[in-house]
Amino acid sequence: MNAIDAHVHLITRAMVEDTAQRFRTLYPFAHGAVEKRAERLFGKDFLGWLKGITLQQQADEWLRAMDANGLERAVFFPISGRLEEIRDFVSFAPDRFAGYAFLDDPAAPGAPERLRRAVNDLRLVGLKLYPSLQLFNCCDERLFPLYAEAQSLRIPITFHFGITHAPVADYRYTNPLDLQLVLNLFPDLNIIVAHFGAGFFREVCLLGFHNKNIHLDTSGTNNWRDYTPERLPLEDIFKRAVEIYSAERIVFGTDTVIRPGAGYRSAIKEEQAGIVHGLNISPGEQALILRGNAQRLFFGKQ
Ligand SMILES: [Zn+2]
């Protein structure tokens, strides 16, 4: 067991239905477009598969995949605020699984209290925020009480900025540079930007100038590189990220969703582990990226 995957997803039927309902409410004139895009991403029978599979079966499948891929732990992100479901899922293997909180309305006055309960009662280890889906600017002051709460709970917040596969998103909220003031105002809040900024790599590099409380996760295919003016090899992204951020603030992940026809993303793990082992850093620093940083951020020790 040599790695912790710090970014994978648990998706349940209820979470998908929550999300569909949310899109219906938000965009009542565009049902067909949202559904078509969701189908393209997950396939036609995804909801059917979810209807027929229990949390226990998903947990068993994950444990098999983790054993086969040398994963000590995995950190699961839900896609809606069904926090009891993620707690129940984690309870099948609490020494291998950890869960994140997701809040349906992170700007609501009750959000900090809900986060506190998620951490203290449900034992969740972080908060996922998705500004382009949840329609808020990360620097909106309505979010500040939530950031203060996360800081005092000593849990990290992972943000998805940049491009996204989500069926509908609003890119007015997707620039990580908007984090700069938040990083300054909450210096003890650990913030993780997923997928190297998913197209905003330049912006996340700039954020490294002042702030030590920002981390980058490596998760996913990183196919955002197919849409940038110059397509950098993934090796160069890792190399530059380590030069700017140091190995202590880069966190490995695959962004896996196990579903019919798509198991654990072993190829991504192999590719990224290969790149990390080829970096001109010590074996100890390589282990930080693949395991140690996640251990420190989520479980409080090296
Ligand atoms: Zn993800």
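**Notebook: helix packing and sheets**

I started with helix H11 (residues 234–245) and helix H12 (residues 266–278), which pack at an angle of about 50° with their axes 10 Å apart. The model I am reading is predicted; local features need pLDDT of at least 70, side-chain atom pairs count only at pLDDT 80 or more, and totals for chains, interfaces and linings use all residues. Residues are numbered from 1 along each chain as its sequence is written. I took helices (H or I, at least four residues) and strands (E, at least two) as DSSP runs, numbered from the N terminus. Axes are lines fitted to C-alpha atoms, for helices over the stretch in contact, and angles run from 0 to 180 degrees between N-to-C directions.

At that angle of about 50°, H11 is oblique to H12. For the wording I used these classes: under 35 degrees is roughly parallel, over 145 roughly antiparallel, 65 to 115 roughly perpendicular, and the rest oblique. I noted the crossing of H11 and H12 as right-handed; that means the near helix is turned clockwise from the far one by less than a right angle, and left-handed means anticlockwise. From H11, Leu234, Glu235 and Phe238 make the contact, and from H12, Ile275, Val276 and Gly278. Contact here means C-beta atoms, placed from the backbone, within 7 Å. I sorted this contact by class into 4 nonpolar, 1 polar and 1 charged residues. Nonpolar covers Ala, Val, Leu, Ile, Met, Phe, Trp, Tyr, Cys and Pro; charged covers Asp, Glu, Lys and Arg; the others, Gly among them, are polar.

I then looked up helix H6 (residues 111–120) and helix H8 (residues 144–153), which pack at an angle of about 25° with axes 8 Å apart. That makes H6 roughly parallel to H8. Their crossing is right-handed. On the H6 side I listed Ala111, Pro112, Leu115, Arg116 and Val119, which meet Pro145, Leu146, Glu149, Ala150 and Leu153 of H8. The contact of H6 with H8 has 8 nonpolar, no polar and 2 charged residues.

**Sheet of 3 strands**

I found an open sheet with the order S1-S2-S3 and parallel pairing. Strands count as paired if DSSP finds at least two bridges between them. S1 and S3 are the edge strands, each pairing on one side only. Neighbouring strands are turned by 25° against each other on average, direction ignored. Helix H13 (residues 283–299) packs on this sheet and touches S1, S2 and S3, its direction making about 65° with that of S1.

Strand S1 (residues 3–9) pairs with S2 over 5 bridges, and isoleucine 4 has arginine 73 in S2 as its bridge partner. S2 is joined to strand S3 (residues 97–99) by 3 bridges, with alanine 74 opposite phenylalanine 97 in S3. How many residues of strand S2 (residues 71–77) are buried? I read 6 of 7. Buried means 20 or more other C-beta atoms within 10 Å of the residue's own, exposed 12 or fewer, partly exposed in between, with C-beta atoms placed from the backbone.

**Sheet of 6 strands**

I read the order of this open sheet as S4-S5-S6-S7-S8-S9, with parallel pairing. Its edge strands are strand S4 (101–102) and strand S9 (250–251). Strand S5 (residues 127–129) and strand S6 (residues 157–159) run parallel and are joined by 3 bridges. Leucine 127 has isoleucine 157 in S6 as its bridge partner.

Key
Two residues are in contact if their C-beta atoms, placed from the backbone, lie within 7 Å.
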